[in-house]
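Opening the notebook on a new model today. I want the overall build before I go into any detail.

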Amino acid sequence: MLVTKDIYYVGVNDHQLDLFEGQYEVPLGMAYNSYVIVDEKIAIMDTVDINFTEEWLKNVKEVLEGKEPTYLIVHHVEPDHSASIQKILETYPNLTVVCSQQASNLINQFYPSLKDCKKEIVKDGDCLSLGTHELTFYTAPMVHWPEVMMSYEKTSKVLFSADAFGKFGANDVEDPEGWTCEARRYYFGIVGKFGIQVQAILKKLANLEIEYICSLHGPILHESVQDCVKLYQTWSSYEAEEEEGIFIAYASIYGHTKEAALLLQKELEAQGYTNVKISDLAREDIYECVENAFRYSTLVLASVTYNGGLFPIMKEFIDHLLSRDYKKRKIAFIENGSWGPMAYKTMKTMFENSKEITYIEPVITIKSSLTEENQNQIKELATSLKNTSI
Ligand code: FEO
């Protein structure tokens with residue numbers, strides 16, 4: 001498939017994968033993207049996962065039509081992109097691997113047999129001419145590993161963005177939700193912790209005229225480039241995408257905490273506040289919940305007490321948020337505890353090092369089942385949330 005003149009897509013789609021990176025559900029599969037630039041010198045951009053080496057190689061050979069490639073550009077060494085390096089070097093032994101110094105070190109660690117392969121180490125700002133096309137390299141440490149670099153091809157105005165701007169989902173099935181939803185889940189799941197580093201690379205790229213973004217996952221972006229870059233600006237600066245949105249995440253055992261969460265949603269709606277998303281943490285994909293916690297400006301956590309502390313799935317959820325530097329949000333709490341409620345105290349303590357968090361009151365304590373007083377408190381909380389969210 002042609003991306004633009006002389007730049008070909010040679011990636012593959014994975015519909016066998018149960019969990020991407022061992023943890024992320026991918027109901028629509030996953031794409032491992034790779035590209036070929038055909039010029040006086042031919043460059044192959046990255047490889048693919050080990051289970052798709054042969055299919056990918058076939059795609060590459062079809063584009064090459066018997067010609068010899070000169071370079072293999074390695075933007076990222078994570079094995080979903082590097083596992084077929086060995087095979088391509090066996091097929092084309094004269095290939096020079098172009099990568100960062102850190103990428104070279106990682107290649108040697110992952111694939112010791114490649115220690116002596118021909119490599120050209122590039123640094124930030126270095127250029128590589130292929131003939132008509134010229135690549136400029138931009139290091140992008142921690143987006144998503146330290147060795148990552150992107151490259152910009154100025155003739156066609158194409159950015160090869162490594163993992164950035166990727167999404168879950170194979171490219172041969174239509175995502176009914178478009179790019180944003182699974183790109184957001186991907187971003188916050190995988191790169192969310194590295195907002196500062198994402199901001200740094202966005203700044204480096206700010207003056208480039210980008211017409212195409214060729215990520216290592218998901219579709220090639222063209223008409224939506226500006227919108228996607230804008231979303232990356234928002235996500236990486238930890239600003240809420242939905243300033244007036246509320247996400248209620250609950251963990252319930254016998255349904256009373258759930259009842260409180262649902263009542264809060266109903267009260268908000270009764271007060272005309274409809275931008276509310278609610279999730280049962282135990283039954284929804286946890287990374288969908290992580291995504292929503294970052295998407296909305298306000299988070300309501302409703303949890304039962306468990307073993308003198310917090311119910312495990314709520315603890316896991318908050319841990320996911322904290323490990324991704326959750327900040328700049330409003331938080332409200334509902335706890336339940338039949339004899340020694342501890343959920344609120346535990347949750348609040350977990351956020352003590354988080355920056356720019358505003359707590360919304362009242363904190364609601366349920367003892368087993370909702371009392372009339374609890375119902376009134378929920379009404380009061382709905383009003384506070386509404387007043388602080390618009
Ligand atoms: Fe798609 Fe960080 O590997």
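**Whole chain.** I'm working with a predicted model here. I looked up the secondary structure and got 12 helices and 23 strands for the protein chain. The C-alpha atoms fill a box of roughly 80 × 40 × 35 Å along the principal axes. Of the 390 residues, 57% come out as buried. I also checked the surface: the chain exposes about 16,500 Å², with 48% of it supplied by carbon and sulfur atoms. Then the contacts: among those with a separation of 6 or more, 71% link residues 24 or more positions apart.

In what order do the seven strands of the open sheet run? I read 1-2-7-8-9-10-11, with mixed pairing. Strand 1 (2–4) and strand 11 (119–121) are the edges, each pairing on one side only. On average, neighbouring strands are turned by 25 degrees against each other, direction ignored.

Next I took helix 6 (residues 195–205) and helix 7 (residues 225–236), whose axes come within 9 Å and cross at roughly 145 degrees. I noted the crossing as left-handed. Helix 6 brings Gly195, Ile196, Val198, Gln199 and Leu202 to the contact, and helix 7 brings Val229, Tyr232, Gln233 and Ser236. What kinds of residue make up this contact? I get five nonpolar, four polar and no charged.

Note on methods
Residues are numbered from 1 along each chain as its sequence is written. This is a predicted model: local features need pLDDT of at least 70, side-chain atom pairs count only at pLDDT 80 or more; totals for chains, interfaces and linings use all residues. Side-chain values use heavy atoms; hydrogens and water are left out. Axes are lines fitted to C-alpha atoms, for helices over the stretch in contact, and angles run from 0 to 180 degrees between N-to-C directions. Helices (H or I, at least four residues) and strands (E, at least two) are DSSP runs, numbered from the N terminus. A crossing is left-handed if the near helix is turned anticlockwise from the far one by less than a right angle, and right-handed if clockwise. Contact means heavy atoms within 4.5 Å. Ala, Val, Leu, Ile, Met, Phe, Trp, Tyr, Cys and Pro count as nonpolar, Asp, Glu, Lys and Arg as charged, and the others, Gly among them, as polar. Two strands pair if DSSP finds at least two bridges between them. Buried means under 20% relative accessible area, exposed over 50%, partly exposed in between (1.4 Å probe, protein chains only). Accessible areas come from the Shrake-Rupley method with a 1.4 Å probe; for residues, only the protein chains shown count as cover.
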